Amino acid sequence: MLRANYNWSLADRIDPYYQRYICGDYCDLRIKVVITPLTCSLGGATGNPWSNKGKKKSPVNIQITELPNLKKARPWYNEIDSTVLQQNLRRLDNAYNNFFQKNRGFPKFKNRSTFRSFTYATGVKIKGNKIYLPKLGWVKFYNSRSIPDGFEIKSVTVRKKSNGYYVSVRIEDKAVPTYPIKKAEEVKTITGLDMGLGKLVYCSDSSAIDNPKLATNPKTKRLQRIRQRRVSRKKRKSNNKRKTQQRLSRFSHRIAVKRESYQWQTAKKIVLKSDAIAIEDLQISNMIKRCKPKYDEKTSDPALIVGAREHASRGRFLKNGQSAKRALNRLIADASWYSLTQKIEYMAAKSGKIVLRVNPRHTSQECSVCHHIDPENREGEKFFCTNCGHVDDANFQASINIKNKAINHYGLNIVKKVRRDLPKPKQLTLFETPTSELTENKRRKHYALLSKRDVPGNLKEYAFQLSLFNQENNHPDRDSL
Ligand SMILES: [Zn+2]
């Protein structure tokens, strides 16, 4: 029911989108409001775009005020909690705003497999290992973490995953102060991070964090291939196919869980390093793009019309390196740098530290010593400056560059680290006044050395060692050996 509601509301918003951008915004002439068909095609009593205060209603609010009408027309919608229906529409609104403001994809119609969650705003209670979901009743669940005293439940999301249903609870306590955020002036230490594939993270303090390659190691790849093959060999729409499909998705779910946990641990380690963390502002979706298709000019036939037979007119496909790129894409996707940076940001915010984003331009080509930029500086994992001859590991070089960029860009005054393990400089005195203690020690040392040489046993050992190399049989204890 929620999915039907979601899809219907999406269609409700798509129509004006096309009207506005293709046919002009004629809806706007009469009512002058952000258009939804509720205000133009239906436009009845509840389609009133003005709120009581005389302000324009947002599209999501118009759709929410329409909900009672939906319940009248389709009484079975009374079985759904009203806040769940409202949150369902807000979710669509979020997806819609992300498309316009954050350059995300246009919201899609949901099918059974892509519509997996719903959210409660109020009315949820938790008692021991039971949770009360309005209109569903008390449900048994595994209480993994109890809610601390003083916190109240803000919203609850029920999510279907491949191995069961999960519930996540958002809680709030207004008495708890927010975490203090460091200002740029207060930053004393900074670590630059370079994300890589050989190691997951290269830090500017010349430490690195391993890349576990959870989904791309040979063992997992083999298992995944076998499971995938089992799925594809089953008859379509059969129970057996469904079951094997479930096994496969449980398998990838386990990998995802492991990756999440590893990333949290990594994020914590990194955040503990310094006051601020500098990271590259990468566009990973650009890195995973497919290679453009290449065509063979020789076999192309100019007589064929471009259009319906576009490929034929351009000739045969040539190798474009996509098969090699695919493996790299999978490695990049497995490393999932973006979700790692998100976790680092979360952990940093929690511990009052800041994450600084840096333009990734030239970070792998610049020399950190003389700041000479040359694409020939880098050769695979090696870094060799063509200007000053500075040699380093290319990845650590990049992390130092990121750190320096952040310092320059945000105007930080970093305290240089003082090595504390160096011994204190000895005070020089012109004349060392001999104390009795000093002379006594000297004498003892002197005699100790002398006595060692005098012990005949030492000489014996010495002779024996010689004999090993010389192969001479003049050792006194030869027979006993
Ligand atoms: Zn250099």
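Rings of Phe, Tyr and Trp, the last represented by its six-membered ring, form an aromatic pair if their centres lie within 6.5 Å. The legends below describe close-up views of a predicted model.

**Figure 1. Aromatic pairs in the chain, with Tyr6 and Phe115 as the example.** A search of the whole structure finds 7 aromatic pairs. In the pair shown here, the ring centres of Tyr6 and Phe115 are 5.8 Å apart and the ring planes stand at 65 degrees; because planes over 60 degrees apart count as edge-to-face, this pair is edge-to-face. Tyr6 belongs to helix α1 (residues 2-21), whereas Phe115 is located in the loop between α6 (82-101) and β1 (117-120), so the pair ties together parts that are 109 residues apart in sequence. Tyr6 is buried, with a relative accessible area of 3%. Phe115 also counts as buried, at 13% relative accessibility.

**Figure 2. The ring pair of Trp264 and Tyr346.** The centres of these two rings lie 5.5 Å apart, and their planes meet at 75 degrees, so the pair of Trp264 and Tyr346 is edge-to-face. Trp264 is part of helix α8 and Tyr346 is part of helix α12 (residues 337-350); the pair therefore ties together parts that are 82 residues apart in sequence. Trp264 is partly exposed, with a relative accessible area of 34%. Tyr346 counts as partly exposed as well, at 48% relative accessibility.

**Figure 3. A cluster of aromatic rings.** Tyr96, Phe99 and Phe106 are linked into a cluster by ring pairs.

**Figure 4. The crossing of helices α7 and α8.** Helix α7 spans residues 218-233 and helix α8 spans residues 239-271. The axes of α7 and α8 come within 8 Å and cross at roughly 160 degrees. Angles over 145 degrees count as roughly antiparallel, and α7 and α8 are therefore roughly antiparallel to each other. The crossing of α7 past α8 is left-handed. On the α7 side, the residues in contact include Leu223, Arg227 and Val231. On the α8 side, Leu248, Phe251 and Ile255 are among those that take part. Sorted by class, the contact of α7 with α8 has 5 nonpolar, 7 polar and 5 charged residues.

**Figure 5. Lys382 and Asn395.** Lys382 is found in strand β15 (residues 382-384), while Asn395 has its place in helix α13 (residues 394-410). The two residues are 13 residues apart along the chain, and their C-alpha atoms are separated by 8.4 Å. Lys382 is exposed, with a relative accessible area of 61%, whereas Asn395 counts as buried at 6% relative accessibility. Leaving aside residues up to four places away in sequence, Lys382 touches Asn377, Asp392 and Ala394.

Figure 6. Of its 481 residues, 30% count as buried. Among contacts in the chain between residues at least 6 apart in sequence, 56% join residues at least 24 apart.

Key
Residues are numbered from 1 along each chain as its sequence is written. This is a predicted model: local features need pLDDT of at least 70, side-chain atom pairs count only at pLDDT 80 or more; totals for chains, interfaces and linings use all residues. Side-chain values use heavy atoms; hydrogens and water are left out. Axes are lines fitted to C-alpha atoms, for helices over the stretch in contact, and angles run from 0 to 180 degrees between N-to-C directions. Helices (H or I, at least four residues) and strands (E, at least two) are DSSP runs, numbered from the N terminus. Angles under 35 degrees count as roughly parallel, over 145 as roughly antiparallel, 65 to 115 as roughly perpendicular and the rest as oblique. A crossing is left-handed if the near helix is turned anticlockwise from the far one by less than a right angle, and right-handed if clockwise. Contact means heavy atoms within 4.5 Å. Ala, Val, Leu, Ile, Met, Phe, Trp, Tyr, Cys and Pro count as nonpolar, Asp, Glu, Lys and Arg as charged, and the others, Gly among them, as polar. Buried means under 20% relative accessible area, exposed over 50%, partly exposed in between (1.4 Å probe, protein chains only). Rings of Phe, Tyr and Trp (its six-membered ring) pair if their centres lie within 6.5 Å; planes under 30 degrees apart count as stacked, over 60 as edge-to-face and the rest as tilted.
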